[in-house]
Amino acid sequence: MRFETKAIHAGRSIDSATSSVTMPIYPSTTFERAEDGSYPNEFEYSRDNNPNRRALEDSLTSLEDGYDSVTFASGMAAITSLIEALPAEQPRRMIMPQDMYNGIRSLLSKTDIGSNFDIEIVDMTDLHAVEKAVKNKPTGLVWMETPSNPLLQVTDIEAVTKIAQQAGAYTVVDNTFATPVLQRPLTFGVDFAIHSLTKYIGGHSDVMIGTAIARSDSPMLANLRAWQHSKGAVPSPFDCWLALRGVQTLAPRMKDHCANATAIADFLNEHPNVEVVHYPGLADHPGHHIAAQQMDSYGGMLSFQVKGGQREAMDVAAKVRLLIRATSLGGTHSLIEHRASLEGSETKTPANLLRVSIGLEHVDDLKEDLMQALEQ
C-alpha cells in the first residue's frame, strides 16, 4: 500500500462486535481470562497492552517501514525511555546534536541521565566532527534531530548512520518535524525513529503522546518494551485513539503545511526587516541539498531572525493578530514563539529568533498578519 492508503488502513479493521468503521475506545484496564487461565485475545492488563495502543503502534510501524513501535505518555517519556534502554554492554556514551530540542537539554542537565552518560555535543552537519567524536571514545548511541529545533539544521542521516554503525553504536533520529510523510529514517539504516505524536501526527493540539519506532529486533527494543511495561509511562486508550485519528489525515495535512511554509519562507526571505530565514526549502539554506535528497518536502516549521535584538523580535510576536503566541507545533493553528525567552539563561537560541509552526489557515492571511507585525 502507498503511504496515504496505509495511513487510513494500517492497524485498523472493522469492529467485529458492531461492524463499526471507526475503532471503538477500550477504556478497560483489565481483560477476562479463559477457563484454562489463558488470554484468548492476548490482552491482560492495559498497562501491558491495550487494543487502542496496539492499533496505533501497528499503524506507526507501517508508516515508518519499521519492525515494531513502542508508545509512551509523551514525546519526552519516549526519549527518556529510549536513552535508558541502551543495552548494558554498550558504552554509556552519547553523541548529541548541537542544535536540539530544549526539552532534551533539560533532560540532560536536570536529571540523572546527564550524570549517568558521557555526553558529547557536536555539530551534526559537520561529518568530520561527528566522525572525530565517535572515534574519540567508545560510543553507544548517536542521536540525530533533522530538521533540528529551532534552527532547522539538516543532518545527512545516511552518512552519520554509517559512521555510527562502523563504531558499533545505535542510532536515533527525532523525526517529529518531518513526520514519516516527508522522511523515513529507518530506510537509511537508522535503528530508531522518535516522534512526539503530540505534534503533527496528532495534528490538533489536543493529545500528549510519543513513540519510538524500531527498524529491527534488537536488545535495545526488548529493553524498551520492558521499560514501557514495568515503568508504566503509557498513554491512555483515548490518547491512542486521538493519535490514530490524526494519522488518517496526516498526508493531506502535511501537503498544506509544507505549501504554506514554503510560501511564508519565501515572503520572509524578501522582507527588509528580516535578517535570515531558517527553512530547508530555501535554495540558500546550508542543508537544502541534503534535505532535497532525504526528504519528500521541507516541512511546516521555520524560524526567522528579526533585524535587531530580543526587543525587536518580541515586538513582532506581540503584534501578530492571527498567529498565536504559544509553544508546541504541528497543529492546525499557526503558532509563533520567542524561544530564547522560554529557554532561559542557558539558551543557545539567538535572541532575535522567532520559531513559527505554519498551520492550515489561508496563506495570504498569514502573510498579511506577518507583514503588519514586521512594520516598524
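Start with burial: colour the protein chain by accessibility, and 55% of its 376 residues count as buried. Buried here means under 20% relative accessible area, exposed means over 50%, and partly exposed covers what lies in between, with a 1.4 Å probe and protein chains only. You are looking at a predicted model, in which local features need pLDDT of at least 70 and side-chain atom pairs count only at pLDDT 80 or more, while totals for chains, interfaces and linings use all residues. Residues are numbered from 1 along each chain as its sequence is written, and side-chain values use heavy atoms, with hydrogens and water left out.

**The whole chain**

Switch to a cartoon view. The protein chain holds 15 helices and 12 strands; these are DSSP runs numbered from the N terminus, helices being H or I with at least four residues and strands E with at least two. Along its principal axes, the C-alpha trace spans about 75 × 55 × 35 Å. The radius of gyration is 21 Å, which agrees with the value near 21 Å for a compact globule of 376 residues. That radius is taken over C-alpha atoms, and the globule rule is 2.2 Å times the number of residues to the power 0.38.

Now show contacts, meaning heavy atoms within 4.5 Å. Among those between residues at least 6 apart in sequence, 71% join residues at least 24 apart.

**Stop one: the aromatic pairs**

A pair of aromatic rings is described by the distance of the centres and the angle of the planes. Rings of Phe, Tyr and Trp (its six-membered ring) pair if their centres lie within 6.5 Å; planes under 30 degrees apart count as stacked, over 60 as edge-to-face and the rest as tilted. How many aromatic pairs does this rule give? The count comes to two.

Select Phe31 and Phe43 to see a tilted pair, with ring centres 5.6 Å apart and planes at 40 degrees. Both residues sit in the loop between α1 (3-9) and α2 (51-63), 12 residues apart. Phe31 and Phe43 are both buried.

Then select Phe238 and Trp241, a stacked pair with 6.1 Å from centre to centre and 20 degrees between the planes. Both belong to helix α10 (residues 237-248), three residues apart, about one turn of the helix. Phe238 is partly exposed at 43% relative accessibility, and Trp241 is partly exposed at 23%.

**Stop two: backbone details**

Go to the loop between β4 (141-145) and α7 (157-166), where you will find Pro147. The peptide bond that joins Thr146 and Pro147 is cis, with omega about -10 degrees. Pro150 is in the loop between β4 and α7 as well, and a cis peptide bond joins Asn149 to Pro150, with omega about 15 degrees.

Glu42 is in the loop between α1 and α2. Is Glu42 buried or exposed? At 56% relative accessibility, Glu42 counts as exposed.

Thr179 has a positive phi too, near 65 degrees. Look for Thr179 in helix α8 (residues 179-182), where Thr179 counts as buried at 1% relative accessibility.

**Stop three: helix α4 and its cover**

Select helix α4 (residues 102-110) and pick out its buried residues: Asn102, Gly103, Ile104, Arg105, Leu107 and Leu108. What covers these buried residues? The cover includes α3 (75-84), β2 (93-97), α5 (113-116), β3 (118-122), β4 and α14 (339-343).

Move to strand β12 (residues 353-357), which contains Leu354. Leu354 counts as buried, at 0% relative accessibility. Draw a C-alpha to C-alpha distance from Leu354 to Ala313: the two are 41 residues apart in sequence and 6.7 Å apart in space. Leaving aside neighbours within four places in sequence, Leu354 has contacts that include Leu302, Phe304, Val316, Ile336 and His338.

Finish at Asp65, in the loop between α2 and β1 (68-72). At 41% relative accessibility, Asp65 counts as partly exposed. Apart from neighbours within four places in sequence, Asp65 is in contact with Lys6, Arg184, Leu186 and Thr187.
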